[in-house]
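This report describes a protein chain and its surface. The sequence and structure come first.

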Amino acid sequence: MAEKDHKLVNEASNLVGNMDQMLAKHHGFIRRYGTDMPEVTNWKWSGNLKNKY
């Protein structure tokens, strides 16, 4: 496997690990407080799909 491929696999693995940690944190927050974390509750879409498709 090329160096670039190893780097991409490592970055993907790190992303998956970070997302798993965030899901666990969010799950714990919901179990404790009965509501979504502020990051979820206060999230607003800021993208523009008008020219994407």
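## Basis and secondary structure

Helices (H or I, at least four residues) and strands (E, at least two) are DSSP runs, numbered from the N terminus. On that basis, the protein chain has two helices and zero strands.

The model is predicted: local features need pLDDT of at least 70, side-chain atom pairs count only at pLDDT 80 or more, and totals for chains, interfaces and linings use all residues. Residues are numbered from 1 along each chain as its sequence is written, and side-chain values use heavy atoms, with hydrogens and water left out.

## Overall dimensions

The radius of gyration of the protein chain is 17 Å, whereas a compact globule of 53 residues would have one near 10 Å. The radius is taken over C-alpha atoms, and the globule rule is 2.2 Å times the number of residues to the power 0.38. The C-alpha trace spans about 45 × 35 × 10 Å along its principal axes.

## Burial and exposure

Of the 53 residues, 4% count as buried. Buried means under 20% relative accessible area, exposed over 50%, and partly exposed in between (1.4 Å probe, protein chains only).

W43 lies in the segment after α2 (38-41). W43 is exposed, because its relative accessible area is 56%.
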